[in-house]
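I opened the notebook to record what I looked up in this model. The entries follow the order of my checks.

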Amino acid sequence: MASAEGTRFNDPRLRALLYQAVLVVVVCGLIGGGAYNAYANMRARGIPLGFGFWNEVAGFDINFHLIEYSPLSTYGRAFWVGLLNTLLIAAICIPLATLLGFAIGVARLAPNWLLSRSALVYTNVIRNTPLLLQLLFWYNAVLKSLPGPRQSISLANAIYLNNRGLFLPSATPRAAAAWFFAAVALSVTAAAMFRGWAAWRQNRTGAQAPVALITAALILGGPAIAVLGAGAPFTFTVAKLSGFNLKGGIQVVPEMAALVFGLITFTAAFVAEIVRAGVQAVPHGQSEAAFALGLHRGLMMKLVVIPQAMRLVVPPLTSQYLNVVKNSSLAVFVGYPDLVQIFAGTVLNQTQAAVQVMSITMAVYLSISLAVAAALNAFNASYSWREH
Amino acid sequence: MAGTLSVAQALAYVRKASEPEEPPPMLLSGPLVWVRDNLFSSIVSGLTTLAFIALALWLAPPAIEWATTLAVWSAPDGSLCRQHQDGACWAFIAAKLDYLRFGSYPVSERWRVEVVEALGAGLTLWLLWPKAPRRGWAAVMFFAVYPVLTFVLLRGSETLGLPTVDTLLWGGMLVSLLTAVVGIVFSLPLGITLALGRRSQMPVVRLASVMFIEFVRGVPFITILFMANTMLPLFVPEAWTPDRLLRPLIGIALFSAAYMAEEVRGGLQSLGRGQYEGALALGLNYPRMMALVILPQALVMVIPGIVNNFIGLFMDTTLISVVGATDFLEAMNNAFKDPAWSGPTIVASGYAFAGMFYFVFCYGMARYSAFMERVLAKGHRK
C-alpha cells in the first residue's frame, strides 16, 4: 500500500520535473562558480576582462596573409587574416581531396585486382596513421630535405619545387582577358541551354543527341576562338632564379604546401571509403535490372547506381568536409598561420585573454559546423528516399 | 507430332547432323584463370597491371634495401648514419628507445610503467576476446580498478614506499597509451550518459546533452585542448589548478565522450520499441530497464563503431603535445634535436618507426572491429 506521499513521489511527471530542476541547479552552479572563479582569477592576474584588445596593435608579423596586414595592424585584423587563411586551406583541399578520393574509391571497386588492392593499401595506411604524423612527415622529412633553389625539381620549366616551397607560374590578365571571360561565360551558357534542350527532346521523342561531345566542343571551342581572335588573355610569369632564391610567380611556402598536401592525401582516403561504401550499398539487383534493360556498364553506373549511392555518400562526405576545416587547425604544428595558430596561439599568449579568445575561436568553428549541418539537413529533406 | 512435322516440311533447311563438338574450355579454375579474370580481363585492365608491375619493380627494391640491407642497425652515434645516407638509420631508434618509451621517467622507477603496461595489455585481451570467461569482471577491472592502480603506480605513493614521480617527467609511449586509456575509460561511461540524456523524455536533460555533444563535435580537438589548458585553470579556485598533464586528459575525455555518445545513440535507436515496451511491461524501472535490457543489447551492437572511435582517439593523442605534454610523437621530435643524432636519414627513419607504431595499434583495432562486425552479423542471422 503506497501512502499518499509515496504516490506523489512516484508520479513520473513530478519526478521528471525534480530531476530537471536538479540538473538546472547543478549546471547553473557550475557555470556561476566557474564565472566567479574566472573573474577573481583574471582580476588577480591582471588579465583583460573585455574585448578591448580587439582594436589594439598586434605588434607581430604574419608571413602569409591574403589581406593587408603589418605588425601595426590590430588583433582584430590578425583574426581576419587567420580566418581567411583557414578558409583558403579548406577551399583548396576540399575539391582536390574529393577528386582524388573519388578516383581512389573507383579504383577500389575496379575489376583489376592490383588496382583495387593498391587503393585498399592506400586507404588502410592513411586511415590508420595519425594526420599529425603525416603532416610532420611531409614537412620535416620530405619538404625540408628537398634540394635548395639552385637544384630545384622542375616540371616543364614552369613549376619548381625546392626546400623553400612550391613555385607556380602566376597569371596576370591582359586586355584580351575580357574577351576570354566573355567567351567562357557565353559557351557555358550555350552548353547548359543545349543540354536542357537535348534532355527536353529526349523526354519527348526518345531521340538522343551526342551531349558530351557537343558540350565539350562548346566549352573548349568558345574560349579557343577568343584566344585565336583577340590574343592570349594572360601573361604567365614563371619563377626565375635570382641570387639564392626563385623570384616571381606564386610561391607556396613549405608550411602551406605540407598542410595542403597532407590534408588532401589524408581526406582522400576517407572520401574513397565513403564512395566505396556508398556504391556497394546499392543492392545488386539494381545493377542486374539495369543490365537486363540493356544499359551498358557506364550508363548503368550513371543512371542507376550513382544516383542511389549519392544519397548515402553525401551526408558522410559533408562531415568529411567539416573535418577538413577542423583538421586544418593542425596548421599550428607546421607553422602555417591559420586561425588557431594566429588567434588561439599568438594573440592568446600576448593578450592573456584566454576566455575571450577561445570563445571567439570556437564560435567560428561552431558556426561553420552548424551552417553546414543546416545545409545538409536541407539537402537530406529534398534528396532522401520517401518510403511509404 | 503432326505440327512439328509440318513445320519441318515448311522450312527449306533442317539440320540433320549435329555440329562438331567445340573443344572444352582450356581452364575453368586455377591460378591462371584467376590471373586472367583479375589482372587481364580487358585491354585496359592488362595495361594497368603491366603499369603496376613496372612501378613495383622500379620502387620496391630501393625501398626494401633502404629499410633492410642498406640501413644502419647499430651505431654509437649518428656519424655512421651520416655516412650511409642511402639507408635508414634504425640505430637511432635503438639508441632512443628508452626515451621514446618512458620520456624522462626516472630509470629506477620504470618497472612501474612496465607493470602498468603489462596489466593493461592483459586486461584488454580479456575484455576483447569474445569467448573469454567472465568478461563482466574484466570490464569492472578495466574501468574501475585499473585506473586507480595505474594512478597509484605511475604517480607514486609515499605510504606504499613508491617515490612520487612528477608528471612533467612522464613521456613517450607511456603518455600516448595513458592518454588513450584515460580517454577510453572516462569517455565510454560519459558517452553513455550523454546518449541516454539525448534520448531522454525530459526536455532540459535532452537540451543539455544535445548542446554539449554538438558543441564538442563542432570544434576542432586542438581548441578543446587549448581551452582545457588555458581556461580550466581560470575556472577553478587557484588552489585547485589542475596538473599540466591532467588538463589534456580532461580535454580528451570530454572530447571523445561526445563522439562516443553519438555511437551509443545509434545503438539505442536501432533497438526496436518492443524492447523498451517489454521491459516496461515487466515492471522494470528506468535504471533497470537500461542496465538489464537496453544497454547490453545496444552496446554490443555498436562495438565496431566504438572501436573505430578508439582508433580516432588514439591517433588524436598525438595532438596533446600542443599544450606541452610529451607524447610518443613529441618524444620522437625531441629525439631529433639531439646533435649527436642529426642527419638527413634520421628524421625519415624516426617517422617511419612512429608510423609503424601507430599503424600496428590502429590497424589491429580496425581488424578487431571488422571481426566483431562479422560475429555480430552472424548473431543476427540466427
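**Charges, then rings**

I looked up the charges of chain B first: the mean positions of its 27 positive and 24 negative charges lie 11 Å apart. Lys and Arg count as positive, Asp and Glu as negative, with His and the chain ends not counted; each charge is placed at NZ of Lys, CZ of Arg, CG of Asp or CD of Glu.

I note that this is a predicted model, where local features need pLDDT of at least 70, side-chain atom pairs count only at pLDDT 80 or more, and totals for chains, interfaces and linings use all residues. Residues are numbered from 1 along each chain as its sequence is written, chains are lettered from A and ligands numbered from 1 in written order, and side-chain values use heavy atoms, without hydrogens and water.

I then looked up aromatic pairs (Phe, Tyr and six-membered Trp rings with centres within 6.5 Å; planes under 30 degrees apart are stacked, over 60 edge-to-face, the rest tilted). B:Phe142 and B:Phe143 are edge-to-face because their centres are 5.3 Å apart and their planes stand at 80°. B:Phe357 and B:Tyr358 are also edge-to-face, at 5.1 Å centre to centre and 75° between the planes.

I checked burial next (buried is under 20% relative accessible area, exposed over 50%, partly exposed in between; 1.4 Å probe, protein chains only). B:Phe142 is buried at 6%, whereas B:Phe143 is partly exposed at 26%. B:Phe357 is buried at 10%, and B:Tyr358 is buried at 0%.
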